[in-house]
Amino acid sequence: MSVDFPEYLDVDYTAGEGETPADYPSLEDKIEKAIEVTKRGLEEYENPAVMWTGGKDSTLTLYFVKEVAEEYGYEKPPAVFIDHYQHFDDLLDFVEHWGDEWEFDVVYARNEDVGDYVDANGLEPGDDIDISALSEHNQHHVRNILEYEEETFPFLLDTYVGNHLLKTVALNDALEEYDIDGIFSGIRWDEQEARADETFFSPRHDPDIYPPHDRVQPILQFDEAAVWDAFWHYVVPETVPGYPDEGYVPETYDDLPNGVTHEDVPVSPKYFRGFRSLGSEVSTERGSDEPAWLQDLDNTTERAGRAQDKEDLMERLRDLGYM
């Protein structure tokens, strides 16, 4: 990264302040803004990347990056996938397949120190990890940044220490290793209260907390329903040969038109099975027998299938570099 970062950038860090999805009333309005933000991000950053979880929001973001890069001749940035060791197996397959299909170089960000400890000791999710056995780097995060005083923590993703070490530290280490100055993120204003005040270009410049970089956030203005509308009426018809040009919304797991299979569609099969969130194999359950897009999106919680509501932790985790 240039030593002049962020002075070489010409982005508006206030863009989006005070706005909500209602300020972008139609799907076309939302898509137009996403393209605008994506194009600006690809123009401005010297070493951008895309944060990709394999979930619907980050896959939609990856699609916008793909389309804009191909349309305007930008080099596709790498996609950073945080492997926290508790993913659904078919989600890992999904990421590998669509990374190849869309020609992205996928970088797997892992906290290998924790992963090696888990493997060496044959741990299962929920088992305790001895903090004193971890690297100085991880101990620094636990003791000095999180100010956590216990001798162990459980090998679980949806806990304060587990989330930070397995996701945030892994991400920040990748940002530093690959010298990333701007990372595209698929968060939305309506998703969680802690993200409601985010802007389209969001600075993360404190070197005491994370490698200085910016978050580029093209789909803040989408809500959950709009994400699915974008998939079934734009992304899938434009990506999948034989899919109806005008779009088609599947009503069941097997309801795909014209001989199209799940492997052909850039939507995780878990969403067809009723999951609305794909946090981890250990702590996420499906919310319904219906596909995610047919559920009551207005009156139910998107992350209700997760074992722990992290809303009370989200603001501090976000300050430490979490998405």
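A residue counts as buried under 20% relative accessible area, as exposed over 50%, and as partly exposed in between. The model shown in these views is predicted.

**View 1. E290 sits in a loop between two helices**.
E290 belongs to the loop between α8 (269-272) and α9 (311-319). Its relative accessibility is 39%, so E290 counts as partly exposed. R273 is 17 residues away from E290 in sequence. In space, the C-alpha atoms of E290 and R273 are 6.8 Å apart. Beyond its neighbours within four places in sequence, E290 is in contact with F272, G274 and Q295.

**View 2. E224 is a buried residue of helix α7**.
Helix α7 covers residues 224-239, and E224 is part of it. Buried or exposed? E224 has 5% relative accessibility, so it counts as buried. Which residues is E224 in contact with, leaving aside its neighbours within four places in sequence? They are K56, R188, D190, R276, L297 and E302.

**View 3. Six strands form an open sheet**.
The order of the 6 strands is β3-β2-β1-β6-β8-β7. Their pairing is mixed. Strands of a sheet pair through backbone hydrogen bonds, and the pairing can be parallel or antiparallel. β3 (106-109) and β7 stand at the edges. Each has a single partner strand, so one side of each is left without a neighbour in the sheet. From one strand to the next, the twist averages 30 degrees.

**View 4. Strand β8 pairs with β6 and with β7**.
Strand β6 (residues 182-184) pairs with β8 in the parallel sense, over 3 bridges. Within this pair, I183 has R215 of β8 as its bridge partner. Now look at the side chains. In a regular strand they alternate between the two faces of the sheet. Strand β8 covers residues 213-216. H213 and R215 point one way, while D214 and V216 point the other way. All of these residues are buried.

**View 5. Strand β2 is covered on both faces**.
A79 and F81 lie on one side of β2. V80 and I82 lie on the other. All are buried. β2 pairs with β1 in the parallel sense, over 2 bridges. M51 stands opposite V80 in β2.

**View 6. Helices α2 and α3 lie across strands of the sheet**.
α2 lies across β1 (48-51), β2 (79-82) and β6. It runs at about 150 degrees to β1. Helix α3 (residues 89-101) lies across β2 and β3. The angle of α3 to β3 is about 150 degrees.

**View 7. Helices α1 and α2 pack with a right-handed crossing**.
Helix α1 covers residues 27-44, and helix α2 covers residues 56-72. Their axes are 9 Å apart, at an angle of about 65 degrees. From α1 come I31, A34, I35, T38, K39 and L42. They meet F64, V65, V68, A69 and Y72 in α2. By class, this contact has 9 nonpolar residues, 1 polar and 1 charged.

**View 8. Helices α5 and α6 also pack together**.
Helix α5 (residues 136-145) and helix α6 (residues 160-177) make an angle of about 125 degrees. The two helices are therefore oblique to each other. Their axes are 11 Å apart. The crossing of α5 and α6 is right-handed. On α5, the contact is made by H137, N138, H141 and V142. On α6, it is made by V161, H164, L165, V169 and D173. The contact divides into 4 nonpolar, 4 polar and 1 charged residues.

**View 9. E103 and D179 have a positive phi**.
E103 lies in the loop between α3 and β3. Its phi is positive, about 60 degrees, although E103 is not a glycine. With a relative accessible area of 60%, E103 is exposed. D179 is in the loop between α6 and β6. D179 is not a glycine, yet its phi is positive, at about 60 degrees. Its relative accessibility is 29%, so D179 counts as partly exposed.

**View 10. A cis peptide bond joins F5 to P6**.
Omega for this bond is near 5 degrees. P6 lies in the segment before α1.

Note on methods
Residues numbered from 1 in each chain as written. Predicted model: local features only at pLDDT ≥ 70, side-chain atom pairs only at ≥ 80, totals over all residues. Heavy atoms only, no water. Axes fitted to C-alpha atoms, helices over the stretch in contact; angles between N-to-C directions. Helix = DSSP H or I, 4+ residues; strand = E, 2+ residues; numbered from the N terminus. Parallel < 35°, antiparallel > 145°, perpendicular 65-115°, else oblique. Left-handed = near helix turned anticlockwise from the far one by under 90°. Contact = heavy atoms within 4.5 Å. Nonpolar A, V, L, I, M, F, W, Y, C, P; charged D, E, K, R; others polar. Buried < 20%, exposed > 50% of the residue type's maximum accessible area, 1.4 Å probe, protein only. Pairing = 2+ DSSP bridges.
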